[in-house]
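Let's take a walk through a protein model together. Have the sequence and the 3D view ready.

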Amino acid sequence: MLKIENLHASVEDKAILRGINLEVKAGEVHAIMGPNGSGKSTLASVIAGKEEYEVTEGDITFNGEDIHELAAEERAHKGVFLSFQYPVEIPGVSVTNFMKTAINETRKAKGLEDMPAKDMLKLIREKSELLEIDRKFLSRSLNEGFSGGEKKRNEIFQMAMLEPKLAILDETDSGLDIDALRIVANGVNKLKSKDNAVIVITHYQRLLDYIVPDFVHVLYNGRIVKSGGKELAHELEEKGYDWIKEEVNA
Amino acid sequence: MDLKEKLTASFLAFENQVDTDTYVHDVRNEAIKIFEEKGFPTKKEEAWKYTSLNSVLKEDYSVFPKKENAIEYNDVKKYFIHDIDTFNVVFIDGKYSSHLSQTTHDGLDVCLMSSALTKPKYRLIIENYFNKAATKDSLPSLNTAFSSEGAYIHIPKNKLVQKPIQIIYFSTGNEAATMLQPRNLIVVDENSHVQIIERHQSLTDNPVLTNSVTEIFTNKRAIVDYYKIQNDNQSATLIDNTFIKQKQESVASVHTFAFGGKLVRNNLNFYQTGERIESTLKGVTIIGDKQHVDHNTLVHHIEPNCESHQDYKGIFGENSTGVFNGKIIVEKEAQKTNAFQANNNILISDKATINTKPQLEIFADDVKCSHGCTIGQLDESAMFYMRSRGIPEKEAKALLMYAFSNNVLSSVKIPEIKQRITKIIANKLGVNIGFDL
């Protein structure tokens with residue numbers, strides 16, 4: 001589904017990603033872990049199409065198509081979704097209004113008519129129940145005054161609404177208490193199928209107890225320096241990242 | 001002959017042609033003297049520092065409408081709020097159009113200034129109110145000197161007027177260039193409530209200069225909601241002078257939606273002459289090209305325990321320029337005043353300009369006055385966030401700008417106006433998305 005080869009990316013001439021190779025197939029869950037500043041969020045943003053990041057070398061293909069020249073919205077239309085580490089507050093745009101616009105713009109890009117209002121309401125009701133989101137919450141301004149947990153739950157709600165092929169969860173677990181973590185992970189698991197894939201970016205093993213990865217990668221200094229199965233995450237939890245750094249630097 | 005000379009030279013001929021009682025005659029004569037003395041404002045005056053009328057004044061305007069022009073309703077229907085029942089007072093090239101209007105004398109007067117200025121039964125109101133709120137500045141004085149036509153609205157006490165009143169001025173471009181000086185008088189007596197919509201619309205590309213004066217009097221506990229829709233074409237200039245004199249416990253709000261014209265200057269003045277008055281001034285400005293919109297507001301707090309609330313949002317593209325000059329005066333007697341002012345702007349082009357200036361003159365010591373102005377760009381992180389959800393760049397921008405204006409729109413009480421404004425904004429921003437969901 002997603003194939004990244006020798007990806008180099010920089011922001012304001014500062015190289016952050018220095019040769020990433022990663023392949024994610026349909027039905028898989030990949031975890032990307034690594035110390036602060038290793039380039040995890042940059043990788044997520046580059047896949048989603050943030051313009052400040054310049055791809056200087058390498059390829060990103062999504063379902064066989066080179067996407068690295070595509071705008072963020074075009075990638076979204078093809079089924080790429082990024083759950084933000086810091087969801088942006090947008091005063092004056094309600095959650096519902098935002099979702100309706102996002103869904104109808106995506107449909108428009110696919111040559112489909114707007115979703116009938118009745119179906120939209122039904123979909124919103126269904127997905128908000130999945131994330132245990134209160135109805136009143138949906139008429140509030142997007143992310144404005146939301147608690148950390150509410151913001152993250154709202155991200156997964158949007159994911160549920162948009163049904164992406166590839167979901168990248170950028171530190172979705174940060175700022176979540178154990179109940180919110182369970183709700184969020186539960187939501188993600190319910191949306192998982194053999195046709196879609198998830199990349200979980202996290203510092204901690206905690207989320208991976210709920211969303212169990214098929215592969216774990218360690219990102220350090222802009223490269224994937226180690227890959228393994230889910231047991232690698234446990235090892236990192238126990239031993240920290242120093243041994244990895246030592247291995248790399250040796 | 002320049003425009004000032006032309007106007008002063010025409011005055012005598014004008015005075016002879018309108019039959020008038022002595023009160024109005026005296027007021028006009030005094031007014032023309034003021035205009036002769038002061039002339040058109042220039043950038044040397046502090047209040048006109050950022051707005052130059054030079055390019056507007058150089059046209060050879062015809063200063064009197066010569067003949068009546070007919071317009072078919074279907075051709076101009078789109079400029080009306082036509083999906084609700086309203087009273088309409090409509091003018092074409094400064095002349096009343098009975099064909100497009102729906103006036104009334106049934107329990108309230110929604111009719112013509114020309115009648116009010118000449119018929120004896122209105123004399124008392126005219127003597128009590130006409131030119132009693134307008135300032136002696138040069139442009140209002142010029143209007144006063146030539147005042148002959150406009151909307152006259154008198155709501156007697158204890159009357160809740162169900163139908164909004166639309167005041168629309170069309171210009172047909174029949175002359176190569178036209179100057180119009182509409183004059184509106186609105187008197188709302190005790191406990192009454194009225195909603196008014198005002199629009200100036202040019203129908204061709206010939207230059208039009210409108211120097212409009214509206215005087216509004218809200219008596220005890222009266223409520224007035226006033227909406228100005230300014231979305232004129234590129235050759236039309238509007239100088240709007242609005243004066244609102246409020247008595248105790250009255251509530252007045254003016255929403256100004258400024259989307260265009262060549263140059264628009266809004267002089268909006270509130271005078272609070274009683275206790276527990278509320279005044280609201282809100283505006284959304286979205287312009288581009290070389291358009292210029294200047295909001296010059298004054299709230300004069302004269303008595304204690306009153307409130308004023310100002311909220312102006314501006315979005316400026318291309319080479320457009322905006323001005324916000326908001327003056328709040330709190331007199332010594334006006335203790336416990338609560339005055340709020342905000343002016344937020346977004347520049348979406350490197351060549352757009354906004355000059356914003358709050359001016360507070362506070363002579364009382366127990367007051368709450370706050371003001372703030374911001375100038376910024378569209379939030380890039382919000383843009384990426386929206387685009388990553390599949391909302392294309394243009395639509396994401398539009399949604400952000402709409403959200404930015406939403407504070408002002410949310411206090412519009414007539415849903416059809418809100419819908420109309422939303423539609424104009426969508427058109428203006430070149431998107432086809434329904435904002436109001």
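A nonpolar core is a set of buried Ala, Val, Leu, Ile, Met, Phe, Trp, Tyr and Cys residues joined through side-chain atoms within 4.5 Å. Buried means under 20% relative accessible area, with a 1.4 Å probe and protein chains only. The model is predicted: local features need pLDDT of at least 70, side-chain atom pairs count only at pLDDT 80 or more, while totals for chains, interfaces and linings use all residues. Residues are numbered from 1 along each chain as its sequence is written, and side-chain values use heavy atoms, leaving out hydrogens and water.

Now look inside. The largest nonpolar core has 116 residues, and A:Leu166 and A:Ile199 touch the most other members. Its largest share, 10 residues, comes from helix α9 (residues 393-409) of chain B; helices here are DSSP runs of H or I, at least four residues, numbered from the N terminus. In general, nonpolar side chains tend to be buried together in soluble globular proteins. A second, separate core of 30 residues includes B:Phe91 and B:Val188.

Next, turn to chain B. An automatic or database assignment sets the domain bounds, giving domain 1 (3-272) and domain 2 (274-375). In contact, meaning heavy atoms within 4.5 Å, are 32 residues of domain 1 of chain B and 36 residues of domain 2 of chain B. Three salt bridges are counted between these domains, each a side-chain nitrogen of Lys or Arg within 4 Å of a carboxyl oxygen of Asp or Glu. Elsewhere in the list of salt bridges, find B:Lys357 and B:Glu46, whose closest N and O atoms are 2.5 Å apart.

Note on methods
Chains are lettered from A and ligands numbered from 1 in the order in which they are written. Buried means under 20% relative accessible area, exposed over 50%, partly exposed in between (1.4 Å probe, protein chains only). Helices (H or I, at least four residues) and strands (E, at least two) are DSSP runs, numbered from the N terminus.
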